[in-house]
Amino acid sequence: MIIAPSLLAADFTRLGSEAARAQRAGADWLHLDIMDGQFVPNISFGPDVVAAVRPHAKKLFFDVHLMCGKPAILLEPFAQAGADEMIVHVELGEQVLPLLWKIKALGKKAGLAINPPTSIAAVQPFLDKIDLLLVMTVNPGFGGQSFIHECLPKIQQADAWRRERKLPYRLEVDGGINNATVAECARAGADTFVAGTALFHQHNMGAAIRKMRQIAGDNDPGLADLRV
Ligand code: DX5
Ligand code: ZN
């Protein structure tokens with residue numbers, strides 16, 4: 001499984017050293033939330049910040065979450081800044097397919113995100129075109145929100161489709177993930193866990209990541225098959 005601390009919860013006066021801290025602490029990925037003040041009621045940071053952070057965490061996979069209304073013009077700058085994956089929202093409708101194609105043309109992994117109110121059926125046309133499906137477990141725009149339990153059936157459905165259609169996409173959850181909620185997400189089929197507050201606000205991030213990994217691993221349905 002993958003643990004991806006979300007930089008949005010880091011100390012914004014020290015983003016480079018915060019990214020380095022996440023790498024030292026044993027994170028697999030760094031989740032970078034890009035907010036444009038249009039698609040979500042907040043503005044975070046852009047390609048220049050991602051490029052500045054990149055050399056401080058060379059070993060981390062940069063998982064760039066684009067909460068932007070018109071991300072097409074941003075794909076190339078974020079690719080050059082060091083993104084390894086770029087995630088766009090299914091709520092963008094007609095833009096989605098061209099965006100996924102462009103992300104892949106740039107040689108990056110392509111992710112699709114879905115907000116809590118959106119029906120999971122909306123992602124079905126894209127499941128064979130993505131490397132990752134991100135099921136949002138909070139309404140996007142801010143860190144530190146409470147987990148929305150009603151999103152769990154969407155994770156289960158996405159996992160079922162993955163098994164039935166033998167598709168390779170990772171199943172990521174994002175928003176309010178902590179030691180209490182990570183277990184039920186893992187049981188529902190999630191394998192990639194974004195956590196901001198639960199990790200960056202810990203003095204000992206290494207211990208926090210190890211604990212979250214242990215809880216998630218103990219609840220991984222795949223492991224359950226092995227536990228006969
Ligand atoms: C919210 C972002 C999340 C958020 C997670 O719009 O997409 O990645 O930073 O933060 P926590 O883990 O604190 O909910
Ligand atoms: Zn995010």
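A polar contact is a pair of N or O atoms within 3.5 Å. The exercises below use this cut-off on a predicted model.

**Exercise 1.** Find which atoms of Ser6, His65 and Gly141 lie by an oxygen atom of ligand 1.

*Solution.* 
1. Start with Gly141: one of its backbone N or O atoms is 2.8 Å from an oxygen atom of ligand 1. This distance falls within 3.5 Å, the limit for a polar contact.
2. Turn to the side chains. An N or O atom in the side chain of Ser6 is 3.0 Å from an oxygen atom of ligand 1. For the side chain of His65 the corresponding distance is 3.2 Å.
3. Look at the surroundings: ligand 1 has 20 residues around it, and Asp33, Gly141, Asp174, Gly196 and Thr197 are the closest.

**Exercise 2.** Describe the site of the zinc ion (ligand 2) and the spacing of its donors along the chain.

*Solution.* 
1. List the coordinating residues: His31 (NE2), Asp33 (OD), His65 (ND1) and Asp174 (OD), at 2.1 to 2.3 Å.
2. Check the geometry. The six donor atoms make angles of 72 to 173 degrees, and the site is octahedral. Ideal angles for six octahedral donors are 90 or 180 degrees.
3. Read the spacing along the chain: H-x1-D-x31-H-x108-D.
4. Note the burial: His65 and Asp174 are both buried.

**Exercise 3.** Decide whether Arg54 is buried or exposed, and list what its side chain meets.

*Solution.* 
1. Locate Arg54: this residue sits in the loop between α2 (47-53) and β3.
2. Apply the cut-off: buried means under 20% relative accessible area. Arg54 counts as buried because its relative accessibility is 15%.
3. Find the polar partner: the side chains of Arg54 and Asp84 are joined by a polar contact of 3.1 Å.
4. Leaving out residues up to four places away in sequence, Arg54 touches Leu60, Phe62, Ala81, Gly82 and Asp84.

**Exercise 4.** State how many residues of helix α6 are buried, and what follows the helix.

*Solution.* 
1. Count over residues 181-188: six of the eight residues of α6 are buried, and the helix is mostly covered.
2. Name the buried residues: Thr181, Val182, Ala183, Cys185, Ala186 and Ala188.

Notes
Residues are numbered from 1 along each chain as its sequence is written. Chains are lettered from A and ligands numbered from 1 in the order in which they are written. This is a predicted model: local features need pLDDT of at least 70, side-chain atom pairs count only at pLDDT 80 or more; totals for chains, interfaces and linings use all residues. Side-chain values use heavy atoms; hydrogens and water are left out. Donors are N, O and S atoms within 2.8 Å of the metal (3.2 Å for Na, K and Ca); water is not among the atoms, so sites may look incomplete. Four donors count as tetrahedral if all angles lie between 85 and 135 degrees; four count as square planar and six as octahedral if opposite donors are over 155 degrees apart and all others between 65 and 115; anything else is irregular. Buried means under 20% relative accessible area, exposed over 50%, partly exposed in between (1.4 Å probe, protein chains only). A residue is near a molecule or strand if one of its heavy atoms lies within 4 Å of it. A polar contact is a pair of N or O atoms within 3.5 Å; within protein, one must be able to donate a hydrogen and the other to accept it, and residues adjacent in sequence count only if both atoms are side-chain atoms. Helices (H or I, at least four residues) and strands (E, at least two) are DSSP runs, numbered from the N terminus. Contact means heavy atoms within 4.5 Å.
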